[in-house]
Amino acid sequence: MIRAIANRPKLFIVGYSVLALLLGALVFVLRGYEHILYLLAWPVILGAMIVPWRAYVVLLGVGVVVTLIVVSLTAPNPNQSLRTALVATLATTLIGESVYRVMRHHRTVARALQESEERFRCTFERAPAPMAVTEMEGRLKQFNQRLCDVLGYERAELNWRMMNEFAHPDDRDTRLHTALLHSSDREAAIEKRYVTKDGRVVPVLLKGTLMRNAADEPYEILVIFFDLTEQREAEAQRLELERTMLEVQRLESLGALAGGVAHDFNNLLASILGNTNLALLDTPRHSSVRACLEQIESAVHRAAELTRQMLAYAGRGRVTLESIDVKEVLNATRTLLHTITPSTVSIRHHFESESLMVRFDRSQLIQIIVALVSNAAEAIGDQTGQITITIGERTVDPTDLPLHTVGADMHAGRYAFIEVCDTGCGIDPQTMARLFEPFFTTKQGRRGLGLAATLGILHSYGGAIQVESAPGQGSVFRVFIPAEQPAVESLSSAPTLPPSLEPAQPDSQESRRIVLVVDDERSVRSVAARMVERLGYKTLQAPDGNTGVELFSAHADSIACVLLDVSMPVMSGAQVLQMIRAIRPDTPIILMSGYAGEELAERYGQLQPNGFLYKPFDTAELSACLDAVLLRG
């Protein structure tokens, strides 16, 4: 009853006032005019209902004073009238105070309720996340502007609509209402996709709270929407980054394996080629054995070419850096490219830059172009198609790095790019994942490193490759090479020595005819020594760096040249070279290794070795290198 009165105070005041006036009139008729004093209490009581507390106190005081004055002036019996006045005043005070407290509580509750509603409305409308209040079946009752922004609808278009109408067709069976009814704490969360007005699909996390009435019956659901678009994009980028990192690590591990295998294989080939070459030199031309030896030598050269490809994949290929024009190289290969492509395939050239200079090995750049064009021609097959080769320049800044590149990490700067686009069958995702694996191919009967060698070459120059393709839509291979990036020149087989390090001419032909051979592989060391002896020199052999330094120290004045292996245990070739130079600075030193290229040039460039022999080598190559070093000047 009190709650009903508080909820409808105006009706209460009117009814209470009418009842008071009727009761006052009845008392006056029955008991005499003296009891009209009670009527003086009603203004005070009514004032308690409608005026603030300060006005109420003043009104109460005025009522008491008026009552006393009226009693003293009009009552025939002052004592009896005084008692009546006191009773009336006390009744007025008690009733007025009670009514005032009820009304003050009502006003406080009403004010608090209004402030709470205003606070909720402000929070609801200004919340950073979309929010809504729905009926139990999911019909929108109230929602903020953020929900309109996410879904792309106006408020009028969402009023009293079912939220499930905007859900993705595949997600309409997933209901927040069901999750809430099965929740023990009146809260639940589900993920769902909604379709916006313009057709976009927005992934959303819904968090709902079940609202209950006084009878503990559910009647509303408060829903908060969390847009997961940025989170999903960040997750996709993270997964792509992880995939790229795993791909890079896998390729690096394969590269390290390929490099190690190639190095060891080159040592075996050096022994086979050297012995075969020596046997050929001692075999008469009319001998039936000579044909067998020549076939062995030819097979060794083919195997050596394979190891060079493996070293290229590992980024340790032999290079001769020079400043070359990409356009000029491409023009020089036109005839070759038309030779390796079927007549049904046309080749179109497009030059975005007139001149594009890079520091690269010419033969390796040709190898990259031929490999990409050959791959594009195979993708087209026997069908009629077109290959478009585009060269140009791109300036890359840190905020606009090319995406999904494989190879070296790209940095800001100028890059030359070679783009080979074909109209072939395209590449499916499964093949794309294995595209740069060594020896992987989709062609029957094909073998070799394939695109892995191309990737290895690019990696060694700080370049990268980007592939765009889809089944039935052709492929685009885009190669990025740093433009005019300075690099240390590779060591040639017959380098020009600085004047200070020119080997001193021997006093006589016999005084310095000894060549020191230092190599940890016995077979390589042995065959190299016999090849040197075949050329008319004497040899000393050392199985490791320590022994080599000791032998050189003991015969420093008699040693004409040192053949030094680069990769040795305990003491590396670099350490041996430094110790020999410390003993005799003008000693001609020729490095031998299955590795070559920019890596060795950077490592040994300051030590200035006099020559370089790439394993495997034959007697003719050894003789040319020794002559270039010893007979110069």
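The largest cavity in this predicted model has a volume of about 190 Å³, where a cavity is a set of points on a 1 Å grid over the protein atoms alone at which a 1.4 Å probe fits but cannot get out, and where the volume is the space filled by probe spheres set on points joined across faces, edges and corners. Of the 17 residues in its lining, those closest to the centre of the cavity are Gly-138, Met-163, Arg-175, Leu-176 and Tyr-194, a lining residue being one with an atom within 4 Å of a point. Two or more lining residues come from each of β1 (131-135), α8 (176-181), β3 (187-195) and β5 (218-227), with helices (H or I, at least four residues) and strands (E, at least two) taken as DSSP runs numbered from the N terminus. The largest share, three residues, is given by β5. By class, the lining of the largest cavity holds nine nonpolar, four polar and four charged residues, with Ala, Val, Leu, Ile, Met, Phe, Trp, Tyr, Cys and Pro counted as nonpolar, Asp, Glu, Lys and Arg as charged, and the others, Gly among them, as polar. Across the whole structure, the search returns three cavities of 30 Å³ or more.

Residues are numbered from 1 along each chain as its sequence is written. Because the model is predicted, local features need pLDDT of at least 70 and side-chain atom pairs count only at pLDDT 80 or more, whereas totals for chains, interfaces and linings use all residues, and side-chain values use heavy atoms, with hydrogens and water left out.

The count of salt bridges (a side-chain nitrogen of Lys or Arg within 4 Å of a carboxyl oxygen of Asp or Glu) comes to 17. In one of these, the closest N and O atoms of Glu-157 and Lys-197 are 3.1 Å apart; Glu-157 belongs to helix α7 (residues 155-158) and Lys-197 to the loop between β3 and β4 (201-212), so the pair ties together parts that are 40 residues apart in sequence. Glu-157 is partly exposed at 28% relative accessible area, the class between buried (under 20%) and exposed (over 50%), with a 1.4 Å probe and protein chains only.

A salt bridge also joins Glu-294 and Arg-290, at 3.4 Å from N to O, and both residues lie in helix α10 (residues 288-313), four residues apart, about one turn of the helix. Glu-294 is partly exposed at 38%, whereas Arg-290 is buried at 15% relative accessibility.

How values were computed: 1 Å grid on protein atoms, 1.4 Å probe; cavity = no way out; pocket = protein on both sides within 12 Å on 5 of 7 lines; lining within 4 Å.
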